[in-house]
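User: Please take a close look at the charged side chains in this model. Where do they pair, and where do they gather?

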Amino acid sequence: MSHATTAGDGLELVRGTLDLLILKTLTWGALHGYAITDSIRQRTEEAILVEEGALYPALHRLEKRGWVDAEWGRSENNRRAKYYKLTVEGRARLQAQEATWGRYTEAVAKILGTVAP
Amino acid sequence: VRRTFRLLVPGAYRDEVDEELRFHLETRIDELIAAGREPTAARREALRRFGDPGRIARECRSIARTREAAERRAGLRHDLGQDLKWALRRLRREPGFALAAVAILALGIGASTGLFSVADAVVFRPLPFTEPGRLVWIDERTPEGDRFSVSLPNLLDWRRSAKSFAGIAGFQLRNASLDVGLGASGGSEPEKVLAAPVSADFFSVLGVRPRLGGAFPPEAFTPGGDADRAVLSDALWRRGFGADPAVVGTTVTLDGRPTVIAGVLPPGLGFPEGAELWTPMQDGQWDRDDKEIAVIARLAPGTSMPVASAELGAVAERLGGLYPDADRGWGVELRPLQHALVGPKVERALVVLLAAVGVLLLIACVNVSSLLVARGAARTREMAVRTSLGAPRSRLVRQLLVEAGAIGLLGGLAGLGVAWAAVEAVRLWGPAEVPRLAEAALDARVLAFAAAAAVASSLVAGLLPALRTSRTRPGEDLRAGGRTSSGGAARLRGALVVTQLALAVTLLVGAGLTARSYLRLLGVDLGFDPGDVVAVRIDLPETQFPAERRQALAEEIRARLLALPGVTSAAASVGAPYAGFYTANEVAVPGRQPDAQGGYPIAQWRSVTPGYFETLDVPLLQGRAFSGEDREGGGAVVVSRSFAEQFFPEGDALGRELYFGGPDGSPRVVVGVVGDVRDAALEEAARPTLFLPYQQIPWVHQTWLVETGGERPAVAGAVRAELARLVPGVPVPEVRPLAANLGQARTSPRFQALLMAAFALAAVVLAASGVYGLMAFAVARRRREIGIRMALGARPAAVVAMVARQGAVLVAAGVALGLAGSLALARSLASLLYETAPSELAAYLAAVGLLAGVALAASWLPARRAAAVDPTVALTAE
């Protein structure tokens, strides 16, 4: 696996991957966008979220689908911030997606393994 | 720090998206500065990591907007659900009002939906064949310009020459006897089926492919080829063969000949309607002047009807030159198949009935509307309270509309029941000759119509009352205790009642005209008496009964029937009155020149046995009727009076010579003149008719007409038994009164008159109830005033007159408006009326008299109640 961190080399986001990461991150509790960004960047060693702003349309889309709920609250630096948290549907969606993702990566890894050992 | 960012996106937060994104960027900048970066560098770095804030904000906003719209819709749905629940609860609290309103709308919606279902099946829905718009019906056109059926040689020449058609095919309809019991088992009862001999390409023209087996091979149509094959309808396959898929290839007996079953058609694709079995029609056994075939064709792709018509017309003209005896002066006429099948008359009748039922629905809506206004007037206080509590008017209008919608919804549901009953009734009692009536059903299109009718009715009935009721002046209305007000509501109700009356007048006029036309039709002088005559048609297939046998049978059967007890006279004819069978031929009279094209006038002819005129009580005016002496080779003919007048205008028909079938036909001598018989269509004047002895034209079917002298049912049974004994192996259908044929010819106008009358009656009841409701309301509102008047000495009669006058003004206005509307609308009825002008005064007078009478009675009842007001009670009741 590459550890490149420059924008040009960032991994192309497989469709739905960012959604999955956001949902997973939110299992910790309600977070605002900034905190979600940092959490994902740290845990993926900055491989996934190349453009921080891309998080927000994804969050709004998840909210539209009813998988996350949003609420305005006070941040650590005492400013108004929009906090997102998982809904019941979001939690169910995450579980289903995790299972699918596992099967998917396993299958891809197998093929890549046979082509280029 | 904050300022640096403000420079980037100046001003206060535009919206939540703006605030959210800025929080992110500014937090990042703060963090970078805390890590030791220059503010400007920190800002650049934060933006580099973030991407274009403008683009991202736009994307977020667009997502947020769709989410908010969805939430609003869900909210509205929820609110409407609440409104509906509330509306239904209110209706439950006023069961009398709810029941009346729902029943009125159910009647209107149900009647229109039922009629739409019929009209949809018969007129609007396309035929079930592929590209039905390209199917045409082709007739030949006589030199006189009448439509006439086609001869097979002409059809084959058309098919060879005309390029505008993808295919042309002919068919006939005949009664056949089918015996499914195979040789060995035998002994089974032959069944009468309606068979259609068809020419090559028939199924491909329609675009129908058998679901089992196949169509006929080409050699089945050529002379000498094996034509003993049959394709079955789905219904016959199920009824006669138990839906056995192995039936293809097996042999049955058709008209005494072993016939192989070639295929089975899919359900619902039988054409012509009613046919159950198709056989190949062989070329080569028809002459060019045997114009006895119905023809359908499919237009070639890219061709239009006028082009095809012009091309085929040219072909027909060429054929007229080649075969002057048969075709000189004859043309062709093309019509879209659907029009040819339904006929403009049925189509127009259905459209008129649909319009009439639409008017009825409108009256029902207006009636409910006026009920809602009355109910709204009693709710002034409720509305005032809600307005003063801050409900906007739009909210009140919505609530009131939902209440009307709830009534419409319930009315629509109940209306489906009414519609179902209406469709069943039309199928039971409606005219039999209307094609595709069996297809009428409550399908998706009809349900959609009912739903649309329910929604439209709710809006029409609910909108005005909702606007009226929601208009409140909280201060005044609350002070007045909800009792006063609503001079406006009364005026609106007055206008609604006038509308109902006007619409009812138009329906009454329409019903009056239709009824009058029907009565005139009943009074038509037929020229014969079907009274105690029973009729039965038997078909003697050529294969089993050659001409000599049929001639002998005609004499034998007549002798046997005359010997039956209770039979006073008996005769056979080819085609009976009102049996929908028409035969015609050219007739030339010596000394009369042919027309410009060399053609001769065409007259209807009938082939009859002795006793025909006696049985039908047709008066013999001159000379003699047929006797047993008029045999094959003899030249005696009898003519009808109008025939004599047309062909021998000098007035000396008796003993004159004529040539049947044109100048080359055989010479005949007129031996008798009989009265005119109106035996084809009630609305049509008697056709000039030539009668020939059956012995000279012994066609394969004989319709036996037997006069019974009273004991009709018993004689009918005896006639059937006798026929079954005399012609074994030939199916003998039920022996029915001849009047039944006539009755069928009258069903259509009767049905129309009955429906119109029913609609008009419902309209009168609704309009009268509207008048009554309004007057009762007005009297209740003026109780106090009336009490004062009476306390001051007004006589009861004066009070009645005062109230009744108010009603009379409404009635007069409604009737006047209605008359004006009727005069304009009645013209569309003209083509459906028999000897009845659309401006016939009697219909208008009857409509006005009836409606004015009923409406005045409806306003007189409340007026009397007003006069019975006890002044002391009325004045102290407050």
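Analyst: This is a predicted model. Start with the contact between the two chains. Chain A brings 25 residues to the contact, and chain B brings 25 residues. Together they bury about 2300 Å². Carbon and sulfur atoms give 52% of that area.

Charge pairs also cross this contact. Between chain A and chain B there are 8 salt bridges. One pair to inspect is A:Glu52 with B:Arg28. Their side chains form a salt bridge at 3.0 Å, N to O. This pair counts because the nitrogen of an Arg lies within 4 Å of a carboxyl oxygen of a Glu. Side chains of opposite charge can pair when their charged atoms come close.

Now widen the view. Over all chains, the count is 58 salt bridges. Look at B:Asp83 and B:Arg398, whose side chains meet at 3.3 Å, N to O.

Finally, turn to the surface. Here, like charges gather. B:Asp287, B:Asp289, B:Asp325 and B:Asp664 make up a patch of negative charge.

Key: Residues are numbered from 1 along each chain as its sequence is written. Chains are lettered from A and ligands numbered from 1 in the order in which they are written. This is a predicted model: local features need pLDDT of at least 70, side-chain atom pairs count only at pLDDT 80 or more; totals for chains, interfaces and linings use all residues. Side-chain values use heavy atoms; hydrogens and water are left out. Patches are made of residues with over 30% relative accessible area and no salt bridge: like charges are joined within 9 Å, nonpolar side chains (Val, Leu, Ile, Met, Phe, Trp, Tyr) within 5 Å. Accessible areas come from the Shrake-Rupley method with a 1.4 Å probe; for residues, only the protein chains shown count as cover. Lys and Arg count as positive and Asp and Glu as negative; His and the chain ends are not counted. The place of a charge is taken as NZ of Lys, CZ of Arg, CG of Asp or CD of Glu. Contact means heavy atoms within 4.5 Å. Buried area is the accessible area (1.4 Å probe) that two parts lose on being put together, summed over both.
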